[in-house]
Amino acid sequence: MKIVSALFKTPDCIATFLLRVLLGIVIFPHGAQKVLGWFGGYGFNDTMSFLSGTLHIPAIFAYLAIATEFLGSIGLILGLFTRAAAFGIGITMTVAMFMVHAPNGFFMNWAGSQKGEGYEFHLLAIGLALFLVVRGGGKWALDSIAEEALPAGRPATV
């Protein structure tokens, strides 16, 4: 139970809360593009086809990436399973950075003059994700409610 308790343990920190919600808000539209087709996205089936067909990512990993961006971002916004959601988002951003964006260089394609987008966004997302994995969800995270509900740490009553 100590491992489960450590997973949910989080400081009562507003700065951590702000970083958690910010990362969740930034990643959510990317997940919604992939799952729902919102924000100009292709939806679940076409995204799966692209990831598994064009990029040759095994279907299970493509599914996990899509679910992580969508459900993980919601988890971050709510502060629920913060460490797991941040870990998944960090891994997803790392894979995207190396598989797709690294050949395009560091910078985003602001001027439309390069072949694709660089990886500066991904580095920022990875940094925020790592912080949240280490620190937890911060103030107003639902993780703190889950931790309080766990029997670990409570004295046994007879």
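Two residues pack against each other, or are in contact, when heavy atoms of theirs lie within 4.5 Å. With that in hand, welcome to this predicted model.

After the helix comes Gly 37, with a positive phi near 80 degrees.

Which helices do the buried residues of α2 pack against? They meet α3, α4, α5 and α6, and the buried residues include Arg 20, Leu 23, Ile 27, Phe 28 and Lys 34.

| Helix | Residues |
|---|---|
| α3 | 43-54 |
| α4 | 59-78 |
| α5 | 82-101 |
| α6 | 120-135 |

In soluble globular proteins, nonpolar side chains tend to be buried together. Here the largest nonpolar core has 13 residues, with Leu 23, Ile 27, Leu 76 and Met 93 among those with the most contacts inside it. Helices α2, α5 and α6 each supply at least two residues of this core. Apart from it lies another core of 5 residues, including Met 48 and Leu 51.

Finally, look at Glu 69 in helix α4. Its relative accessibility is 7%, so Glu 69 counts as buried, the limit being under 20%. The side chains of Glu 69 and Lys 34 are joined by a polar contact of 3.0 Å. Glu 69 is also in contact with Ile 27, Phe 28 and Met 93, among others.

Key: Residues numbered from 1 in each chain as written. Predicted model: local features only at pLDDT ≥ 70, side-chain atom pairs only at ≥ 80, totals over all residues. Heavy atoms only, no water. Helix = DSSP H or I, 4+ residues; strand = E, 2+ residues; numbered from the N terminus. Buried < 20%, exposed > 50% of the residue type's maximum accessible area, 1.4 Å probe, protein only. Polar contact = N/O pair within 3.5 Å; in protein donor to acceptor, adjacent residues only side chain to side chain. Core = buried A, V, L, I, M, F, W, Y, C linked by side-chain atoms within 4.5 Å. Lists of a residue's contacts leave out its neighbours within four places in sequence.
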